[in-house]
Amino acid sequence: MNSQQAWAAANLKGRLALQIPDEWFGHARVPQYPVGARLRDTWLVMGGRGCGKTRLGAEWVNALVRGLPPFAEQRYKRIALVGETLADVREVMIEGPSGLLAVSRGDRPRYEPSRRRLVWDDGAVAQVFSSEDPDSLRGPQFEAAWCDEVAKWKHAEACFDMLQFGLRLGPRPMQLLTTTPKPVPLIRRLVGSGEVTLTRMRTADNAANLSARFIKAVERNYAGTRLKGRWRDGDLHLSWIRRGRIGADNWMAGDIPLGEAQELYRVEVAPQDGAALRTVDRTNREWTYGATTMQADFGGVPPAIDVTIRQVSATVGAGIALRRTIRTEIWNRPKRRLQ
């Protein structure tokens with residue numbers, strides 16, 4: 001029995017308790033259904049590709065429409081679906097392999113593209129909106145909203161703020177925001193708010209539901225050459241090629257002679273042009289600057305991070321520093337390399 005099933009046995013009775021083994025809730029990972037946690041009215045879920053964000057969003061809406069605990073104590077009837085574009089809402093959130101039509105069981109909704117809405121037989125309606133048109137949210141009102149890929153929205157802050165005026169129906173309006181991490185102003189604002197529940201999910205945690213080829217491709221794309229930094233699952237992954245002190249100072253080589261009794265590197269992170277906030281020693285050529293650690297050091301995601309790496313020798317100490325400034329606003333672009 002997993003944690004979700006244990007929660008159901010302790011908190012549910014009768015028909016609902018019997019339904020749990022057949023529901024995705026009974027099989028989902030804890031970050032997707034954080035059993036026992038008191039979720040705030042705004043729930044921000046950040047994670048990399050393939051980590052299960054879309055499935056979570058679709059199942060969350062399904063639970064609200066059906067009135068399934070722990071997400072809902074009554075049935076929700078008016079819901080907003082907001083994506084980067086109208087096409088994204090349809091292709092990913094509604095008709096995608098993990099979208100609302102795919103996960104619906106029993107009362108399967110019907111999609112009415114001409115009216116840009118999803119309708120359930122019990123009268124529940126989910127309206128479709130695009131971040132390209134914030135004013136389309138002016139007027140409609142909702143009990144809940146699922147917002148996908150918020151960090152990619154065209155007019156993120158205007159669209160999000162307009163949505164807040166529409167979340168005014170029912171005893172407890174709620175919203176779920178699912179997105180790939182990107183340090184844009186709206187995400188920084190939400191992460192820094194004390195009114196938001198923040199959940200981070202990793203692609204690797206969902207490996208059992210992903211093809212081996214996809215996992216290998218992700219790992220290959222993030223493999224290190226020279227000094228590289230890559231945002232993945234909210235963390236900053238650094239990797240580098242080692243230096244050698246005996247005629248081996250060639251940063252283009254795939255592997256070079258060590259020339260030392262021990263391989264050791266000293267890594268420092270600092271605000272741009274500032275003093276080091278954290279120093280770590282590594283015996284391999286990579287280090288992950290985790291989101292939690294970054295939050296402790298900077299109080300959030302800074303606009304830029306200075307990274308310094310020195311190879312440490314038993315005879316001469318720390319060597320010449322390799323310094324790079326990583327600008328977080330642009331670092332989510334694929335295959336970008338530090339020069």
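This is a predicted model: local features need pLDDT of at least 70, side-chain atom pairs count only at pLDDT 80 or more; totals for chains, interfaces and linings use all residues.
Me: How many helices and strands does the protein chain have?
Reply: Nine helices and 16 strands.

Me: What share of the residues is buried, and what is the accessible surface?
Reply: The chain has 339 residues, and 48% count as buried. Its accessible surface comes to about 16,700 Å². Carbon and sulfur atoms hold 49% of that surface.

Me: On to the sheet. What is the strand order in the open sheet of eight strands?
Reply: The general idea comes before the case. Strands of a sheet pair through backbone hydrogen bonds, either parallel or antiparallel. In this structure the order is β3-β4-β5-β2-β6-β7-β1-β8, and the pairing is mixed. The edges are β3 and β8 (196-201), each of which pairs on one side only. From one strand to the next, the twist averages 15 degrees.

Me: In which sense do β1 and β8 pair?
Reply: Parallel, over six bridges. Strand β1 covers residues 42-47.

Me: Which strands does helix α4 lie across?
Reply: Helix α4, residues 86-94, lies across β2, β3, β4, β5 and β6 (144-148). It runs at about 110 degrees to β2.

Me: Which residues are in contact with leucine 81, leaving aside its neighbours within four places in sequence?
Reply: Val61, Val89, Met93, Ile94, Leu100, Ala126, Gln127, Val128, Phe129 and Trp146.

Me: How many salt bridges does the structure hold?
Reply: The cut-off matters here: a side-chain nitrogen of Lys or Arg must lie within 4 Å of a carboxyl oxygen of Asp or Glu. By that rule the structure holds 16. One of them joins aspartate 122 and arginine 75, with the closest N and O atoms 3.4 Å apart. Aspartate 122 lies in the loop between β4 and β5 (125-130), and arginine 75 in the loop between α3 (53-66) and β2 (78-83), so the pair ties together parts that are 47 residues apart in sequence.

Me: Which residue meets arginine 90 in a salt bridge?
Reply: Glutamate 95, at 3.3 Å from N to O. Glutamate 95 is partly exposed, with 36% relative accessibility. Arginine 90 is partly exposed too, at 32%.

Me: What does the salt bridge between arginine 266 and aspartate 281 tie together?
Reply: The side chains meet at 2.8 Å, N to O. Arginine 266 lies in strand β11 and aspartate 281 in strand β12, so the pair ties together parts that are 15 residues apart in sequence. Arginine 266 is partly exposed at 28%, and aspartate 281 is partly exposed at 43%. Elsewhere, salt bridges that share partners join Arg110, Glu112, Arg117 and Asp121 into one network.

Me: Last, the backbone. What is phi of arginine 116, and where is the residue found?
Reply: Most residues other than glycine have a negative phi. Phi of arginine 116 is near 50 degrees, a positive value. The residue is found in the loop between β3 (110-112) and β4 (117-119). Arginine 116 is partly exposed, with a relative accessible area of 36%.

Me: What is phi of aspartate 273, and is the residue buried or exposed?
Reply: Phi is near 60 degrees, again a positive value in a residue other than glycine. Aspartate 273 lies in the loop between β11 (265-271) and β12 (278-282). At 73% relative accessibility, aspartate 273 counts as exposed.

Definitions and conventions:
Residues are numbered from 1 along each chain as its sequence is written. Side-chain values use heavy atoms; hydrogens and water are left out. Helices (H or I, at least four residues) and strands (E, at least two) are DSSP runs, numbered from the N terminus. Buried means under 20% relative accessible area, exposed over 50%, partly exposed in between (1.4 Å probe, protein chains only). Accessible areas come from the Shrake-Rupley method with a 1.4 Å probe; for residues, only the protein chains shown count as cover. Two strands pair if DSSP finds at least two bridges between them. Axes are lines fitted to C-alpha atoms, for helices over the stretch in contact, and angles run from 0 to 180 degrees between N-to-C directions. Contact means heavy atoms within 4.5 Å.
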